[in-house]
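User: Hey, I'm new to this one. Can you walk me through it bit by bit?
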Amino acid sequence: MNDLSASSRINYQAVMVRPSVERRIRGLSDKALAWLFITPTIVLLLAINIFPLLWTIYLSFTNYRANRPNAPTIWLGTDWYQSILTDPDIWAAMQVTAHFVIWTVVIETVLGFGLAFLIDKKFRGHGIWTTIILLPMMLSPAVVGNFWTFLYQPQIGLFNYVVAFFTSGDASSFQMLGDVRLSPWAIVIVDAWMWTPYVMLICLAGLRSIPDYIYEAAEVDRASKWRQFWSITLPMALPFIMLAVLFRGIENFKMFDMVNLLTGGGPGSTTEVASITLKRAAFESWRTGYSSAFAIILFVTVFGLANIYVKALNKVKSR
Amino acid sequence: MIVDANPSITRRGFADKILRRGPLEAIATTIIAAGVVMLMQPFFLTLYSWSLATTLFGTVMFTIVSKVRE
């Protein structure tokens, strides 16, 4: 009996409270309501993205070191920027990054477009093949880095045995991750293996967006398959290919996790891409101001490339 | 003596051709791409030193011209 009266009292209070809350919300304008919903996101964005960015820009002009937080901070102006932009070692790291970015993007684009072209033919079982091809893309870079380290093992690694099988050489005669000449290619192979399916997916979307009647008109004009490919398929899929190239270019410019797991930048500094140099400066040498300036240089580059990416994206959207 | 009867019309035509979002964005995009190439090229250290300024200039230009009328 008491329980019943308690619940009815709660209901009664709820009925009493609800109209006043409703009235208060109903009193807000559309603009105020919009701000009410947007504010938490903006606060989160400011706290997580904008504030750290502004703080990094500030630190890049100082001698701040994260392992000595109580040491006096001195304003250095653009000293770190000048130091980084005249340092041959950082320039070398940029060239390693360029080698990685250019080769991965070229291989992924050629293979990805080729695979998309084949999958688009809709042969028997093309669905299951598409799923199998997409599998590497769905794995975590940490997992991929670890198991390719095993695949590249000179003694037990499958990769060495496959290469030895086709070249009739000795499987343990070369080290993909330990050799100065081979290690830059080792990371290119892994990235191409992992991200070619992604490029294939974007190219496939481009190929499927080409209307059939264009090919039918070309058939009527007796255009050969070769001519159809160069005059219809490639030009119409080009914005999508550009999109894939830019996206992979930006992603690989920032590449860290997979390279760190595979080689850690070694042997020596042959695979030391820019992000690994940055990590070493920030968390091994504890040169926080210097690494902040380096991070800002990389950020400006990525931001510039992202602008081009957005422009390409709008071009694709407007089609 | 030759007198241009409609100088303002000619000037507006030229301005209309150049000061549009499309061509300006294309110029900004080219500057950004040049900055990125300068950053990663292995030939001249001087070009590498000027890469940040070039990319930054291109990016700021792109941000500004993307607000220009179509």
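User: Which exposed residues sit on the face of H6(A) turned away from its buried side?
Analyst: That face carries A:Ala142, A:Val143 and A:Phe150. Bear in mind that this is a predicted model.

User: And which residues of that helix are buried?
Analyst: In helix H6 of chain A, residues 141-151, the buried ones are A:Val144, A:Gly145 and A:Trp148. Looking down the axis of H6(A), you find them within an arc of 100 degrees, so they line one face of the helix.

User: What do the buried residues of H6(A) pack against?
Analyst: Two helices of chain A: H8 (183-208) and H11 (257-262).

User: Buried or exposed?
Analyst: A:Ala237 counts as buried, because it has 24 C-beta neighbours inside 10 Å and the cut-off for buried is 20 or more.

User: Which residues does A:Ala237 touch, leaving out those up to four places away in sequence?
Analyst: A:Cys203, A:Gly206 and A:Leu207. As for A:Val199, 38 residues away along the chain, its C-alpha atom is separated from that of A:Ala237 by 12 Å.

User: OK, loops now. What is the phi of A:Arg222?
Analyst: Near 60 degrees, which is a positive value in a residue other than glycine. A:Arg222 lies in the loop between helix H9 (212-220) and H10 of chain A. It counts as exposed, because it has 7 C-beta neighbours inside 10 Å.

User: What about the phi of A:Trp286?
Analyst: A:Trp286 isn't a glycine either, and its phi is positive at about 55 degrees. You'll find A:Trp286 in the loop between helix H12 (274-283) and H13 of chain A. With 14 other C-beta atoms within 10 Å, A:Trp286 is partly exposed.

User: Let's do chain B. How many helices and strands does it have?
Analyst: Chain B has 4 helices and 0 strands, and along the sequence the pattern reads α-α-α-α. It has 70 residues, of which 24% count as buried. If you take the contacts in chain B between residues at least 6 apart in sequence, 60% join residues at least 24 apart.

User: At what angle do H2 and H4 of chain B pack?
Analyst: About 160 degrees, with the axes 8 Å apart. Here H2 is residues 21-40 and H4 is residues 51-65. The two helices are therefore roughly antiparallel to each other.

User: Is the crossing left-handed or right-handed?
Analyst: H2(B) passes H4(B) in a left-handed crossing.

User: Which residues meet there?
Analyst: On the H2(B) side they include B:Leu24, B:Ala28, B:Ile32 and B:Leu39, and on the H4(B) side they include B:Thr54, B:Phe57, B:Met61 and B:Val65. By class, the contact has 12 nonpolar, 7 polar and 2 charged residues.

User: Last topic, the contact between the chains. How many residues come from chain A and chain B?
Analyst: Chain A gives 17 residues and chain B gives 18 residues. On the side of chain A that touches chain B, helix H4 (88-119) and helix H13 (288-317) of chain A each supply at least two residues. The largest share of that side, 9 residues, comes from H13(A).

User: How do the residues on that side of chain A divide by class?
Analyst: Into 10 nonpolar, 6 polar and 1 charged.

Conventions:
Residues are numbered from 1 along each chain as its sequence is written. Chains are lettered from A and ligands numbered from 1 in the order in which they are written. This is a predicted model: local features need pLDDT of at least 70, side-chain atom pairs count only at pLDDT 80 or more; totals for chains, interfaces and linings use all residues. Two residues are in contact if their C-beta atoms, placed from the backbone, lie within 7 Å. Ala, Val, Leu, Ile, Met, Phe, Trp, Tyr, Cys and Pro count as nonpolar, Asp, Glu, Lys and Arg as charged, and the others, Gly among them, as polar. A residue is buried if 20 or more other C-beta atoms lie within 10 Å of its own, exposed if 12 or fewer, and partly exposed in between; C-beta atoms are placed from the backbone. The arc is that of the directions from the helix axis to the C-beta atoms. Axes are lines fitted to C-alpha atoms, for helices over the stretch in contact, and angles run from 0 to 180 degrees between N-to-C directions. Angles under 35 degrees count as roughly parallel, over 145 as roughly antiparallel, 65 to 115 as roughly perpendicular and the rest as oblique. A crossing is left-handed if the near helix is turned anticlockwise from the far one by less than a right angle, and right-handed if clockwise.
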